[in-house]
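Subject: Structure handover

Hi,

As promised, here is the structure we talked about. Please have a look at it first, and then read my notes below.

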Amino acid sequence: MTRIFLYLLLPLLLLLCSCDLQKDIEVELPPYAPQLVVECYLEPGQPFRLTVLESSSYFETPQPVVVDDAQVYITYNGKRTEVPYKPTYNESSGRLYTHVSDEVMNGKPGDVYDLEVRDEKGRKVTGTTTILPKVPIDTIEWKFNEKDKAYLLTSFQDNPNSADYYRYFVHQDSLKTDPDQNFTSSDNLSNNKRISYGSGFDYEQGDVVIVTLFHIEKQYYDFLNSTADARNANGNPFAQPAQIESSVQGGIGIFTNLAFDRKVVVIK
Amino acid sequence: MRFPLFLLPLLLVLLCVIPGFAQTYAVNGIISSTDNGEPLAGATVSVPALQAGSLTNEKGAYTLQLPAGTHTLQVSYLGYQPISRSIRVSNSGTTINLALQPVSSQLQEVEVETNTLRQKLNDTRMSVEKLSSREAKLLPALFGEIDLIKTLQLKPGVQSGGEGSSGLYVRGGGPDQNLVLLDGAVIYNPSHLFGFFSVFNPDAVKSVELYKGGFPAQFGGRLSSVLDVDMNEGNNESIHTSGGLGLISSRLTVEGPVIKDKATFTISGRRTYVDVFTRQINKWSEGKEDYNPIPDYYFYDLNGKFTYKLGANDQLYLSGYYGRDFFNFDNNGFKFGFNWGNTMAALRWRHKYNPRLYANTTLSATSYQYTIKNEFDVFSLDLTSAIRDYSLKTDYDLFVDGGHSIRFGAMATYHGFTVGKLNTYNGDSLTIGAGSNYKAAEFGVYAADDYQVNARLSLNYGLRLSGFGNSGKVYMGLEPRASAKYNLSETVSLKGSFASMMQYIHLVSNSGASLPTDIWYPSTRYVKPQRSQQVALGVSKLFGNGRFLLTNEVYYKWMHRQIDFRNGANLFLNDSLESEFLFGKGRSYGNEVYLEKTKGKTTGWIGYTLSWTERKFDMEDNTEDINGGNWFPARYDRRHDLNVVVLHKLSKRLSLTGVFVFSTGDAYSMPVARFAFQDVEGEDAAVVPIYLRRNGFRQVSYHRLDLGAVLKLRPKHGEADLTFSVYNAYNRRNPYFVYIEQRKDEGDGRILGFQAKQVSLFPVVPSVTYNFKF
């Protein structure tokens, strides 16, 4: 919301010779001890796969530091599976993984999985996730305006018996590109209602649109929002600094599962 | 324990009462203006030979305790010619009413003897800053927009919220801890354009008084300051029109008698017109590829006041304010409208029972609200938050023999809160309705005695009992107040004060700026009222043949149940808002040095403040802490703050002014580390900043020089002048905020590194305003 006020500033700034109002400065940062950063999304039918990196002091070399000595274990129902270090690039999603198992995950809604990551420096990260059921997309509609541009409207039914959290993606053509729309929401104000997500007049005839509705855990919702808040706080004079709300203990990151419904439509 | 150390000198002063002074008699009366007959609040009435003096209250009434005999009474008031009168005192109940003549032009005003420094020296009150609209109009201003609040920021102990901001941060308190009163009624959001301009039109305002500490018992409801704004009353003699044409706004005031010597009116309005230009730019650029229209923004405000003399002992005052900001945006089928503002109406009845007893009863209604409307095709959304108050208060002034001036009274307020009322529609059908409504009642009763013990010592002590009820939960608080003045010699006085304050309503804002979406929230079962205690000690020295007054005040303020918000708090659309609150404590302490000169061709002041302001939110009261539960500096914790204000009358037609400001840079938070976040899909990993300490970094020092000139013109009718201002004359790039930029390879988009950048807001800004009066 506070971004609106940045736009409010615009007319005022136009009146000024606003050139040269930014300059580089030197800021001395306090010493920082790097922490383990874990990103792990369990997906039924896929192997256990995750990325283990390290956080770093802001002005250090920009490339992420891979922790190749990290040992990873995922436990389900008393069975502990080691996920070996095996850097892998996934063509379809454009994602990199540092650890990938041979075993495929076959969790059902309600199943509980535990994660443990440790390295030779003695750092240890743990986390837990409970597999969620999918929430099906009911309809995807679109409507053209007089300039032959269409907006998109995706609807689904919220579950009445639980506090639910959602993440919504709209990609064009391929999942490899960044999504056109990417947001999270809760059913805080819309429990047990039919929920619709709209867009601007962004689409034309013939566009291939991939719509994904994730049913997500609260811990994932909190993590996503806190990372978004932290990113927005850098550069917004009205924002407060946000702490990252990790779902894991002992480090930074997210351990959750992906329960999603995906539909591909061609705008006609 | 610092507290006893602070109190020790105060106690010593209080105990130093020297008994055995001669019998004194009460002299009282009303000081008014010859111009329109309106009473002058804060005028100084004194007998310099006896070092006895008093200030008039807001109804122009004063009382002095004088021994029998003939004395020379002096009366002075900012912007008026001081007068002296010989009076004879032989018994109590002597009434001396006097009228002062205003100084007609702004230029002559430079040499007017403001509140004679001697009287300020002898005033029991401390930590009070008074400013007239006439005084503020002489000083240079950003975009030429005269702003009394920004002028008050040049006084010691008062900080601005940041570059160009009209927020007041008084002795470590936040802008939500200021009680802002316009003709006795509360104004909840005293700013336009998210804090760049205050809502007070300088043409509609007569004067403002800011209490930083030593609060009189009649005020309550906020922790850190009282800003008492008095609106002008209409001219009683003839109809006058005045106004100004400025760079971004224009204003017009009409005032005069309705019935001669019985009823007057004044009405003022102003409006910005940047939107006229931005609409034109949008029109020219219509149809251009990738052109995003500039949103429409403007504000206006209207002030009106009507006075009616019912008889010799009764007068009615009806005051009103209505102001709105508008922000509209319409692009590609997406309509966004946002408006916000205050509305206020107050009716005051002043009644004189006899020369010793006066009463003022005020009935007022005030509201602040914002509304956001959003439309897209058949979908629409509207969101409203508001606070609405209906208030009744009555204040009595009673002058009693033996040097007592007693004030007592009561107030009751009904608060109605609408918090985040949201409706979304699909066509005509409501899809989501949310929000909360609260109703609450607040009251206060008080009594205070201004006691002139003898020619050297005067005391003001009082007690306020306040209370607040919301949904069956009732809070009560006792708020003792006391101040004392002791004259060590003819030119040196010592002062001390103590004030305990309660605040029952809270501003929900984590932006650190005055945003229109900041909303007020009542105390509830879970959200307890805020509390503060403040002690202050001061010494004043008059020197240079009475031309200079040097004052030093030291203060310490404890603040309890301060409010901040959980990490990632959703303050915007949340039906259980209070679960986002965190409670903590605050402390502020410092020393203020103030040197002022009010006589001669060159006048002005130098104020220097050394201060600390910190907050602490630990696990004692919360399930989550801030900054690891350790003390952290407030954003506006500025160790050094220096203001130099100089006004120089060069000739009868030309006066020059200069303002220099220096302060320690703001405390701010900056990420110290980062991590890469790939997310579930997409090739580009995002860089996520990691923040550790709250406000752990310091911006570079802020300094700025503003220059101004007022050139009096010679129109055929009436008066006119041109006011020139140069804001930030040496074009200093002062820090507004700092962020870290990601540097990428233009070819492959690889991240090459990171660089801290400082953003400034205003370069040198010259402006000119044409003012007229006829």
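This is a predicted model: local features need pLDDT of at least 70, side-chain atom pairs count only at pLDDT 80 or more; totals for chains, interfaces and linings use all residues.

Residues are numbered from 1 along each chain as its sequence is written, chains are lettered from A and ligands numbered from 1 in the order in which they are written, and side-chain values use heavy atoms, with hydrogens and water left out.

**Where the chains meet**

On the chain B side, 83 residues are in contact with 89 residues of chain A (contact means heavy atoms within 4.5 Å). The two chains bury about 7500 Å² between them, 64% of it on carbon and sulfur atoms; buried area is the accessible area (1.4 Å probe) that two parts lose on being put together, summed over both. In chain B, the residues that lose the most area to chain A are R674(B), E681(B) and Y691(B), together 10% of what that side buries.

The interface also has 20 residue pairs in polar contact, both residues being at pLDDT 80 or more. (A polar contact is a pair of N or O atoms within 3.5 Å; within protein, one must be able to donate a hydrogen and the other to accept it, and residues adjacent in sequence count only if both atoms are side-chain atoms.) Among the elements that give two or more residues to the chain B side are helix 6 (274-284), strand 28 (429-452) and strand 47 (737-744) of chain B. Strand 48 of chain B gives the most, with nine residues. Helices (H or I, at least four residues) and strands (E, at least two) are DSSP runs, numbered from the N terminus.

Two strands pair if DSSP finds at least two bridges between them. Within this pairing, K23(A) stands opposite Q758(B).

**Salt bridges**

The rule finds three salt bridges across the interface, taking a side-chain nitrogen of Lys or Arg within 4 Å of a carboxyl oxygen of Asp or Glu. D24(A) forms a salt bridge with R743(B), with the closest N and O atoms 3.1 Å apart. Over all chains, the search finds 48 salt bridges. Inside chain B, D203(B) forms one with K137(B), and there the closest N and O atoms are 2.8 Å apart. That pair links distant parts of the chain, 66 residues apart.

**A sheet within chain A**

Chain A has an open sheet of three strands in the order 12-13-16, with antiparallel pairing. Strand 12 (137-144) and strand 16 (194-198) of chain A each have a single partner strand, so one side of each is left without a neighbour in the sheet. Strand 12 and strand 13 (residues 150-157) of chain A are joined by seven bridges, and E141(A) has L153(A) as its bridge partner.

Best wishes
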